[in-house]
There are 2 protein chains.
Amino acid sequence: MNLFDLLLGKPLATSDAEHEHIGVAAGIPIFGLDGLTSAAYGPEQAMSLLVPLGLIGVQQHLIPIFGAILVLLTILYFSYRQTIVAYPNGGGSFTVASENLGDNAGLLAAAALMIDYVLTAAVGISAGVTALVSAFPALHPHQLALCLLVLALIVLVNLRGVKESGFVFMLPTFLFVGTLLITVAVGIWHAVAAHGHPIPVTAPPPPLPATMQYLTVWLLLKAFANGCAAMTGVEAVSNGVTAFKEPKSRNANRALTVIIALLIVMLAGLSYIAKAYGIAAMEPDNPAYQSVLSIQVAAVFGRGWFYFLTMGSVLAALSLSANTAFADFPRMARAIALKGYMPHVFLLRGRRLLFSHGVYALTGFAALLLIAFDGVTDRLIPLYAIGAFLAFTLSQAGMVKHWLDHKDEKHRGVKLFLNGLGAIATGVTLIVVLVAKFTAGAWITAILVPAIIAVMYGIKRHYTGVALQTADPAPIRLTELEPPIVVIPMARWDKISEKALRFGLLMSHQVKVVTVQNDTDTGFDHVWEEMVRAPMSQHSFPVPELVTVHSTFRTILSPLMDYILELEDQNPSRKVAVLLPELVVRHWWENFLHNQRVQLLKLLLLLKGNQRIVVVNIPWYL
Amino acid sequence: MNLFDLLLGKPLATSDAEHEHIGVAAGIPIFGLDGLTSAAYGPEQAMSLLVPLGLIGVQQHLIPIFGAILVLLTILYFSYRQTIVAYPNGGGSFTVASENLGDNAGLLAAAALMIDYVLTAAVGISAGVTALVSAFPALHPHQLALCLLVLALIVLVNLRGVKESGFVFMLPTFLFVGTLLITVAVGIWHAVAAHGHPIPVTAPPPPLPATMQYLTVWLLLKAFANGCAAMTGVEAVSNGVTAFKEPKSRNANRALTVIIALLIVMLAGLSYIAKAYGIAAMEPDNPAYQSVLSIQVAAVFGRGWFYFLTMGSVLAALSLSANTAFADFPRMARAIALKGYMPHVFLLRGRRLLFSHGVYALTGFAALLLIAFDGVTDRLIPLYAIGAFLAFTLSQAGMVKHWLDHKDEKHRGVKLFLNGLGAIATGVTLIVVLVAKFTAGAWITAILVPAIIAVMYGIKRHYTGVALQTADPAPIRLTELEPPIVVIPMARWDKISEKALRFGLLMSHQVKVVTVQNDTDTGFDHVWEEMVRAPMSQHSFPVPELVTVHSTFRTILSPLMDYILELEDQNPSRKVAVLLPELVVRHWWENFLHNQRVQLLKLLLLLKGNQRIVVVNIPWYL
């Protein structure tokens, strides 16, 4: 068993594909982790904007904002259920948008999601590691190294295949969901028992006094936009339908139901607890800063072992939430590559049957982001959610078009209504998010998306051009099968030269042996006469022509190239085959002892050559 | 005029070689700078060991030690005059030793000199820059960068050719020699005028009181060994005879005469001044440390403009003394490569007719040393001189053998005596230097020399092996000229495939088209039937065989390789020609859009293939 097999698992045969499919339980961590973990930071994102209103202000507006978010989430849930059923072979936003609204809409969704996936991978890992470093300040100098280590681990698990990553991520996911649900249940029970006014075990820090008297609509919208971060990752399941066991759509929908239900319970429960316990967000630059989630868990349970278990599982889940990007990005890249907008390598399945090049690409971009920001990616958070909502909107709009086209579908009216509602709701949210976050960094997305689309169009143009130029609808042409003119560069007479010359004689009756002569060289003519010309004419063979090319500046390659190009020019109907003898050494370092001119000549022939010049490598093994 | 031409000069034709030859005036800076500049540090090297004897002790032993050094230098001069006449095509130690004493002796000299040349290049530059940095402490953080800059400048001048480097280095050399000669002349005149007791313009620092009562022979020997550093670089001219204009030997000898005469005058004059003005060396760790040369010039002239001019020209000459290594190393490398003990690239003349690869190699090693020691190479100084004296001894011993063999030479007895005296004198000096400096670092040379010799023998063995295996004393064999079996991997039918297939049909009547099939692929058979089989059999062409190879793990390359190797195995008397269609893109980035499997397959065929497998590249240009 070699190292490769040990790290990545044995290669899987193509016929094993069915066994790699996952059930509902494995689907939840794989496609749900990103969505579920947003319960840990979504509420805080919204509440932090309400700080200036003081405790009363927060209490007053918390429930309406989260009500709106939960309604939106519910609409999205029903919309995506329909997408999953309608697209059992994978209904990612790119597929749905491009099939119904055209490639432009599809590419817009794809570009937006690509940015989002790279961000998810980088920001998820960075958030987890940042929390770990806050707990153990001694690790601070190693922030970037830790980020890259977590990235490497996630990549390794992913390269072992979809099924295995499900198993690995199951425990942290269930621990995360379990501890949060217990917190919510116990908190609500205490609150109800105390008639809505429970006494916190650990008192929350006193909220700042209100500095703002009147609530503006703008602030409310911004809080809502921030809270929408809790909704990213919802589209993951629809993109990964093919990963599930048959019946695919039903299993995928079950996983989606569980994920959304858990998310709704956690979000609703946590906002109720915040209201009941009188918890507000803290300013992040407060030296005693704690996250809202930390205050909540401490208020319900105090700072005992359960507090630390919960916070620990939150950290683990956060840093592993990057995994959803690794599950989805390669599938999306494959869907785009299938239409020719991404390099074809994204179509290849690796040794463990997943689309490994998508994993490599995502790893590369995420590592680049982590290195560029030295492992601290807080500044990238405003870029989040825009991609997701752009994709949501395009996907839902695509579904509307889908139902308009399928006139004989059952319950078409209801389906049309649900996806229409989804499209409008996510579209409005997109505008809110875009406006609210534009100056904070969303403008970067606005620049990046068109750039990515331009690159994808460039790729498509290239592939179309190649296909047009090489397409051959006609059967093989059997005319003009004239042997090529053979050119053999030769400096001395040895077994290597002999082998090349013999091969040349096989290929054509028109062989030209070219020797490059310096001012100071002794001629090659007498060797030629003795070793080739005399014996060949004696046996009545057609004798190859010896061409002597003169070199003024001691270079070998350029006079050779000149001769070959001129020969090709003078024989417009013929092919020219250049035979290059090549010494193959036993050890790599022996290459330093031999001129690498043959390699250079090959490269030159490729770069300066054309359709009619063919290179034949005659290897000589020592 | 492109950048290359601007930096390095236009390429020179081989027939221009005669014009590149230099006269005596240019030969002095090129081959003499290393030797001449040793006048600047040689005396100090010896005097620093005499410090414990106090001023009286120094005064007493200075003249005997320098007397011995000057006698040795004179012997060397006459010996090398004879070498230059006897070897007008370059009489470097390697040539003389290997021709007269065998390759072992030659390689010993070569290995020692190689170390010495690399040291000369690195230490010369470092010494110059160190002095510059002492004068301008603000430059201190940039020591290494400055060293590499000076190295780059020297390399650039050298790559322009021998003649040009002579012109560039002429001014600093003559300034260095001129200022030192004036100092010596004025100093002696003052001393004579003051009846041997001149009054210094700037008083030398008071010498330390004697801490040692009796002089040991050991100390005297060590001082002599250190002073011998003044003699390195003497062999440079004999190695570079071919660089001179005709009559080569006479011109080279004139240059040698001028160099040695100047060196003797400077060394004798400076030691007389030291004695007359009562100057001793200072401890290098003294915070007020000045070099002996600086004290001498200040004593004769005071610290006026002439002092600064002299010291400046010393610095310039020191850092440029590295140039002698650049003039000599490539010639020596060529001489060794001619005998097969160094890679053959050292035989090639570059665009400006010099042996550029020797320049590159020396630059690489010198840069490596400078970087490894961060630009401060003081610790390498003890390694000096050993290589030079080992080479002197072997060269002189070789000359003795030379005269013994040439029995009809005129004045053979005198010549034999001179070279014999040289061999004995330098041999004794070598032993003294080796013993005196062994623990200070000379042991490194003792390890490196055998290692270098072993590498050179390895190279020779490789070349001999290749020559033996490829030598072909017989004329071309005209039997068994059977066409190869042609193998063409094909995945689809397009113009590229058609081109490859048509070329295959030209080469042989036995063509096998191989297609790799996955579990999930649709077959290639119907395309084959329509596009190739049907039309070909219709025109009564022999139809190529379509071979379908099955791939369980979706890899293309390994089933292909397996098939090719098996085919080759089953046809032991046939050649197998693998035709690989290759897409040539217009822009480098387009390579990312296409599978690079063809390149991998080429590499695999080269590595796993054998004499009977030939690769034919069929390029397709977009």
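I began with Lys339(A), which is partly exposed at a relative accessible area of 30%; buried is under 20%, exposed is over 50%, and partly exposed lies in between, with a 1.4 Å probe and protein chains only. The model is a predicted one, so I note that local features need pLDDT of at least 70, that side-chain atom pairs count only at pLDDT 80 or more, and that totals for chains, interfaces and linings use all residues. Residues are numbered from 1 along each chain as its sequence is written, chains are lettered from A and ligands numbered from 1 in the order in which they are written, and side-chain values use heavy atoms, with hydrogens and water left out.

**Salt bridges**

I looked up the partner of Lys339(A) and found a salt bridge with Asp103(A), the closest N and O atoms being 3.7 Å apart. The pair links distant parts of the chain, 236 residues apart: Asp103(A) is in helix α5 (residues 103-135) of chain A, and Lys339(A) is in the loop between α13 (322-338) and α14. The criterion for a salt bridge is a side-chain nitrogen of Lys or Arg within 4 Å of a carboxyl oxygen of Asp or Glu. Helices (H or I, at least four residues) and strands (E, at least two) are DSSP runs, numbered from the N terminus. Asp103(A) is partly exposed at 26% relative accessibility.

I then checked a pair within one helix. Arg533(A) forms a salt bridge with Glu529(A), with 2.7 Å between the closest N and O atoms. The two are separated by about one helical turn because they stand four residues apart in helix α18 (residues 525-538) of chain A. Arg533(A) is partly exposed at 33%, and Glu529(A) is partly exposed at 34%.

Chain B gave me another such pair to write down. Lys401(B) forms a salt bridge with Asp405(B), the closest N and O atoms being 3.2 Å apart. Both lie in helix α15 (residues 386-405) of chain B, four residues apart, about one turn of the helix. Lys401(B) is partly exposed at 31%, and Asp405(B) is partly exposed at 45%.

**Backbone**

Most residues other than glycine have a negative phi, and most peptide bonds are trans.

The peptide bond from Glu246(A) to Pro247(A) is cis, with omega near -10 degrees. Pro247(A) sits in the loop between α9 (236-239) and α10 (248-277) of chain A. In chain B, a cis peptide bond joins Glu246(B) and Pro247(B), with omega about -10 degrees, and Pro247(B) lies in the loop between α9 (236-239) and α10.

I followed helix α10 (residues 248-277) of chain B to its end. Its 30 residues reach 43 Å from first C-alpha to last, close to the 44 Å expected at 1.5 Å a residue; the expected span is 1.5 Å times one less than the number of residues. Gly278(B) follows α10(B) and has a positive phi near 65 degrees.

Asp374(A) is not a glycine, yet has a positive phi of about 55 degrees; its place is the loop between α14 (356-372) and α15 (386-405) of chain A. Ser540(B) also has a positive phi, near 55 degrees, in the loop between α18 (525-538) and β3 (545-550) of chain B. Ser540(B) is exposed, at 64% relative accessible area.

Thr95(A) is in helix α4 (residues 93-101) of chain A and is buried, at 16%. Leaving out residues up to four places away in sequence, Thr95(A) touches Gly90(A) and Ala335(A); contact means heavy atoms within 4.5 Å.

Thr211(B) is in the loop between α7 (162-193) and α8 (217-227) of chain B and is exposed, at 67%. I noted that Thr211(B) and Pro52(B) are 159 residues apart in sequence but 5.3 Å apart in space, C-alpha to C-alpha.

**Chain A overall**

I counted 20 helices and five strands in chain A. The C-alpha trace spans about 115 × 65 × 45 Å along its principal axes. Of the 622 residues in chain A, 56% are buried. Among contacts with a separation of 6 or more, 80% come from residues 24 or more positions apart.
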